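Work through the exercises below with the structure open. Try each task before reading its solution.

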Amino acid sequence: MLALAERLSHYKAEGLTCRPVASGKLVRVVGLTLEATGCRAPIGSLCKVETMTGDMEAEVVGFSGERLFLMPSEQVTGVLPGAKVTPVTGEAGLAVGMELLGRVIDGVGNPLDGLGPIYTEKRTSFNSEPINPLARKPIKEPLDVGIKAINGLLTVGKGQRIGLFAGSGVGKSVTLGMMTRGTNAQVVVVGLIGERGREVKEFIEEILGVDGRQRSVVVAAPADASPLMRLKGCQTALTVAEYFRDQGLDVLLLLDSLTRFAQAQREIALSVGEPPATKGYPPSVFAKLPALVERAGNGDENQGSITAFFTVLTEGDDLQDPIADASRAILDGHVVLSREMADAGHYPAIDVEKSVSRVMPQITTDEHMLMSKAVRQVLSVCRKNQDLVSIGAYKPGTDPAIDSAFTIKPKLDEYLQQSMKESVPYDMCVNMLKSLLGG
Ligand SMILES: Nc1ncnc2c1ncn2[C@@H]1O[C@H](COP(=O)(O)OP(=O)(O)O)[C@@H](O)[C@H]1O
Ligand SMILES: [Mg+2]
């Protein structure tokens, strides 16, 4: 263990060692991108750029001939033409440890909560090696998330990766908050990426609350952070989750949002000259999405699990958005929040018919599966016949399936709704479902 004084200076230097390497100079700044010549550094490495107000950090994101393209991790101010650019050798990495619990950090691990520095024994790379898919434990056990509609009808498995699809203001943040309080996962890692700064504060103080915070780590990179910070923020959230998983713990990772991650990568890729492909998104976005998502999931036999919810914004409630489309293909299920239901005051506005948990058959009993199927049938019958019934064109007694569906519907609606502060354990959800359907 390092002595404290030594450790302090270690952290002060951010764990970076500067071997004398050839410095280059800045030759061009376009938008967010800095261009340097005269130095060599691999993609993904850090450089220090001299500014009027001290050194600024920038990451190598591309090159063309002898020219390096750099993306700063903060606002570009005080940069002069010809400024010195020095490659930094050795990766800073992210400080990880149990000390992170209860803390709020920024995209690269600096504390944001004013509770002082975070000292940990270990530093780890932002980009870990993915686990061999064949070494991963299969998804076998359900994870309690404390929400009746999900526990009962869209059961989530430990190690599953789910998309939470919704437009803005439909209840994503509240739903994630309910899970942080209701889950039986030992650690919750929350990534708040590209949201408004005010939302970050609200989430931490009101939604997460004092109890929720103790076993959580929040990584925040709000909308005004640089695209690199937002991108790093997602990687940081995954790196933190991986650390706790490697300690054998069950982790619930809530990343809000995957869309903002894709948009940050789009900003970076476009500014270094990658051509846009689908709806302005360059191809690299569609390569980075699965690379991020694949880091979640079960570990090997000696490790715990990362169950992940990635929120996906459906602009204008368009489920065919390219990011929504690409995400649906790489996730093991999706929960769709419906604006119509939210408008009608039905919260959480989970559209059970449109949602699916692809691992549910593996982790629940046959009886539970049958009940979930029955509920879907009731919902479908009611939706199809709602108009007929409401104008009085349907005569009760004509079709027993319709009659029983409409008898169960009010109780089912009650089951599917849940107030923000309430959380219902998994077993109770299943039992409530059973008594609802009459055994
Ligand atoms: N379970 C719930 N119970 C009551 N109201 C809710 C619930 N979930 C969401 N809401 C309402 O919806 C509003 C928007 O939710 P929020 O989670 O902030 O949306 P988003 O994150 O999707 O933009 C909340 O301010 C709240 O009034
Ligand atoms: Mg929100």
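Tyr 243 is buried at a relative accessible area of 11%, where buried means under 20%, exposed over 50% and partly exposed in between, with a 1.4 Å probe and protein chains only. The model is predicted: local features need pLDDT of at least 70, side-chain atom pairs count only at pLDDT 80 or more, and totals for chains, interfaces and linings use all residues. Residues are numbered from 1 along each chain as its sequence is written, chains are lettered from A and ligands numbered from 1 in the order in which they are written, and side-chain values use heavy atoms, without hydrogens and water.

**Exercise 1. Classify the ring pair of Tyr 243 and Phe 244.**

Step 1: recall the rule. Rings of Phe, Tyr and Trp (its six-membered ring) pair if their centres lie within 6.5 Å; planes under 30 degrees apart are stacked, over 60 edge-to-face, the rest tilted.
Step 2: count. The rule gives two aromatic pairs.
Step 3: apply it. The centres of Tyr 243 and Phe 244 are 5.2 Å apart and the planes stand at 75°, so this pair is edge-to-face.
Step 4: check burial. Phe 244 has a relative accessible area of 0%, so Phe 244 is buried.

**Exercise 2. Which residues make polar contacts with ligand 1 through Val 170, Ser 173 and Gln 418 atoms, and at what distances?**

Step 1: list the neighbours, meaning residues with a heavy atom within 4 Å. Among them are Gly 169, Lys 172, Tyr 347 and Met 420.
Step 2: apply the polar contact cut-off, a pair of N or O atoms within 3.5 Å.
Step 3: read the side chain. A polar side-chain atom of Ser 173 lies 2.7 Å from a ligand 1 oxygen.
Step 4: read the backbone. A backbone N or O atom of Val 170 lies 3.3 Å from an oxygen atom of ligand 1. For Gln 418, a backbone N or O atom lies 3.3 Å from a nitrogen atom of ligand 1.

Methods. A polar contact is a pair of N or O atoms within 3.5 Å; within protein, one must be able to donate a hydrogen and the other to accept it, and residues adjacent in sequence count only if both atoms are side-chain atoms.
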